[in-house]
Amino acid sequence: MELRQYFEKYNDEETCIEEFKNKRLENGLVCKKCGHNSHSFRTVDLKFQCKKCKNRISLRSGTVMENSNLPFRYWMICIELMTLSKKKFSILQLQYLLGHKRYEPIWLMVQKIRLVMHERDEKYMLRAYSEFDSEFLREIGKLTFSKKK
C-alpha cells in the first residue's frame, strides 16, 4: 500500500481504533480471568468486556501500545513508516510529521516498535542471507521479459 493510500484509508482516530479492534478480534481475544473467548466492545472506554465474567480488557493491553497515551493514529502511522522504509527513520522527523510537541513519547514509541520488530525477526532464521532492492528486481523482470520476446 502506498503512503498516500494509507493516509486516505486511516484518515482519523476512529478509523484507526476500529481497524485495530478488528485486528485484535481476528487474532483471537481470550479473557485473562476465565478463559472465555466471547467479548463485547465498549466504545466509551475502549475496552473489551467478557460476556461470561464481565472482566474488562483494554484495547491496548497485551500489545506494544500498552501503557501509552499516544493516539492510535500515531502508532499506526509510525509502524507503517518504519516498515515501509529500508533505512532507520529519524525520530525528530517523525515527531515533526506527527505534529507532536514533545520528543520523549515519540522516542519511546519508536523504541518499543523497534524492539517488537527485532523480536519478530529473531523468530525467523534464514539459511542464507540475501538482500535485494525492489528496483533491482524490477530491472531483472524487464530483462527476462525482453529476452522471451
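Mentor: Begin with pLDDT, the predictor's confidence in each residue, from 0 to 100. This is a predicted model, so local features need pLDDT of at least 70, side-chain atom pairs count only at pLDDT 80 or more, and totals for chains, interfaces and linings use all residues. Residues are numbered from 1 along each chain as its sequence is written, and side-chain values use heavy atoms, with hydrogens and water left out. The chain averages a pLDDT of 82, and 83% of the residues score at least 70.

Trainee: Which element has the lowest mean pLDDT, and which the highest?

Mentor: Where pLDDT is low, the predicted coordinates should not be read in detail. Helix α6 (residues 134–148) has the lowest mean, 61. Strand β2 (residues 47–50) has the highest, 90. Helices (H or I, at least four residues) and strands (E, at least two) are DSSP runs, numbered from the N terminus.

Trainee: Is Gln 95 buried or exposed?

Mentor: Buried means under 20% relative accessible area, exposed over 50%, partly exposed in between (1.4 Å probe, protein chains only). Gln 95 has 11%, so Gln 95 is buried. Its place is in helix α4 (residues 91–98).

Trainee: Which residues does Gln 95 touch?

Mentor: Contact means heavy atoms within 4.5 Å. Leaving out residues up to four places away in sequence, Gln 95 touches His 100, Lys 101, Arg 102, Tyr 103 and Ile 106.
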